Amino acid sequence: MRIACLQFDPELGRLPENIARANVLLEAASPQNIDLLVLPELAFTGYNYPSLSSILPHLEPTAAGPSTAWARATASRLNCIVTVGYPELSTPPPDSTTNTQDLSPAREVIAYNSTISLSPSGGILAHYRKTHLYYTDETWAQESPSGWLSTSLTFAPKTCPERTLKANFGICMDLNPHKFKAPWEAYEFASHALASESDLLVLSMAWLTELDALELAAHAEEPDLHTLSYWVGRLKPLVEADKEVVAVFANRCGQEPGKNPLGFEEGVRYAGSSWIGRVRNRVVMIWDIMGRAEKGVIVIDTDKEPKWTLQLRQRDDDKPGE
C-alpha cells in the first residue's frame, strides 16, 4: 500500500484560502498511485475557536459541506481514499433556506468534531465523530454518541493486489485519557483498536507544542521527538501485541491566535511531526516523519522497509517525561 499525509498550516476561519493552500501542496508533491491520503483535524477551518458563536459560521452540514466536497473531488482525481477532518453541524435546519449563518447560539445546535473518509467513486466509507473532547472542543462540540469507530476499508489494486483492512479512526485528544481523568493505563483508544483486531490506525490531529515561535522556527524541519514519544506511549497495548498495525498520524503545523491551554492570550502552536509507521512486539518502525513546521506531503510504501526503528525499553511507569 502507498499512504500519504498532508501536513500544512491552515489559518483560522479562512476556508477557501486553506483549501487552495492544500491544493498547491498536493500539486507540488504530485503523489502517484496512492491508496490513502489523510489530512489533519478541522483541516480547512482551523482549530482554535474559543466558543460556539465563533465556529458557528464555519460548521458544515453532515457529509455535505466544502470539506466533504474537496475530499470527494480529490479522491476521484487521485483515485484513492481520502480522510479529512471538519466541524460537523448535525442539527437539521428548520427549513430548506436556512444555512449555518442563519443559526444563532440561542438555537439548539448539535455539532461534532468529525472526520469523513471518501472512496474514489465518492462513496462514504467512514464517518467518525471525536469521542474524547479537548477543552477547546468542549466549547462547541458534543462527544460521539456511538464512541470509537472500527470498520473495514477495501483498497483497490494499483501497485499491489486488492486488500481489505480493519481501520480504527481517531482524532487528536482521542489518544489521551478521557478528560485527562480516566486511568492512564486504560489506553481507551489503543485498547479498542486491539480488541477490534485493527490493521490500520487513521488519526487526524491538531496536536500542540510547548515551543515558542522562535524555537519552532529554529527547529522547523526537525520532528518533535517528545511528541512522537508521547503518541507511541499512548499506543502501548498495540505496540506490545504480536499483531502488526500500521499507524497514520496526520498532524497540522503553524500557529493560531487565541488562548493557549493555560488561558493566556498568547495563541497556540502546533507540533507537526506527521508520521507513518508500524508497531508490533515492542518495536516501532517509521517509514517517514515530517518536521515540526514543515509543510508538504509524505508518501510511503508499506511494502518497503521503514527508515527508522525504535526499540521500546521496559519501564516501571511509561508516562512521558518520567
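Modeller: What follows is a set of questions and answers on this model, which is a predicted one.

Colleague: How many salt bridges does the structure hold?

Modeller: Since the model is predicted, side-chain atom pairs count only where pLDDT is 80 or more. With that limit kept in mind, the number of salt bridges in the structure is 16.

Colleague: Which residue meets the side chain of Arg129 in a salt bridge?

Modeller: Arg129 belongs to strand E6 (residues 124–129), and its partner sits in strand E4 (residues 81–89), so that the pair, 41 residues apart, links distant parts of the chain by the numbering of the strands. The N to O distance is 2.6 Å, and the residue in question is Glu88.

Colleague: Are the two side chains of the salt bridge between Lys179 and Glu138 buried or partly exposed?

Modeller: Lys179 and Glu138 meet at 3.1 Å, N to O. Lys179 lies in the loop between strand E8 (163–171) and helix H4 (188–195), while Glu138 lies in the loop between E6 and strand E7 (149–155), 41 residues apart. The relative accessibility of Lys179 is 38% and that of Glu138 is 40%; because buried means under 20% and exposed means over 50%, both are partly exposed.

Colleague: Where does Glu244, the salt-bridge partner of Arg278, lie in the chain?

Modeller: The closest N and O atoms of Arg278 and Glu244 are 3.7 Å apart. Arg278 is buried at 14% relative accessibility, whereas Glu244 is partly exposed at 36%. Arg278 is in strand E13 (residues 275–280), and 34 residues separate it from Glu244, whose place is the loop between helix H7 (236–240) and strand E10 (245–250).

Colleague: Which residue is joined to the side chain of Lys130 by a polar contact of 2.6 Å?

Modeller: Lys130 is placed in the loop between E6 and E7, and it is buried, with a relative accessible area of 1%. Beyond its neighbours within four places in sequence, Lys130 is in contact with residues including Glu41, Tyr47, Asn113 and Asp174. The side chain that makes the polar contact of 2.6 Å with that of Lys130 belongs to Asp137.

Colleague: Which strands are the edge strands of the open sheet of seven strands?

Modeller: The order of the strands is E7-E8-E9-E10-E13-E14-E16, with mixed pairing, and the twist averages 25° from one strand to the next. Strand E14 (residues 283–289) runs antiparallel to E16 and is joined to it by four bridges, with Ile286 standing opposite Trp308 in E16. The strands that pair on one side only, and are therefore the edges under the pairing rule, are E7 and E16.

Colleague: What angle does the direction of H4 make with that of E8?

Modeller: H4 packs on the sheet, where it touches E7, E8 and strand E9 (200–204).

Colleague: Which residue caps the N-terminal end of helix H6 (residues 225–233)?

Modeller: The buried residues of H6, among them Leu228, Tyr230 and Trp231, pack against H7, E10, E13, E14 and E16. At the N-terminal end of H6, a side-chain oxygen lies 3.1 Å from the backbone nitrogen of His226, and the capping residue that supplies this oxygen is Asp224.

Colleague: Which backbone oxygen does the side chain of Gln7 reach?

Modeller: Gln7 is found in strand E1 (residues 2–7), and at 0% relative accessibility it counts as buried. Its side chain comes to 2.9 Å from the backbone oxygen of Gly291.

Definitions and conventions:
Residues are numbered from 1 along each chain as its sequence is written. This is a predicted model: local features need pLDDT of at least 70, side-chain atom pairs count only at pLDDT 80 or more; totals for chains, interfaces and linings use all residues. Side-chain values use heavy atoms; hydrogens and water are left out. A salt bridge is a side-chain nitrogen of Lys or Arg within 4 Å of a carboxyl oxygen of Asp or Glu. Helices (H or I, at least four residues) and strands (E, at least two) are DSSP runs, numbered from the N terminus. Buried means under 20% relative accessible area, exposed over 50%, partly exposed in between (1.4 Å probe, protein chains only). A polar contact is a pair of N or O atoms within 3.5 Å; within protein, one must be able to donate a hydrogen and the other to accept it, and residues adjacent in sequence count only if both atoms are side-chain atoms. Contact means heavy atoms within 4.5 Å. Two strands pair if DSSP finds at least two bridges between them. Axes are lines fitted to C-alpha atoms, for helices over the stretch in contact, and angles run from 0 to 180 degrees between N-to-C directions.
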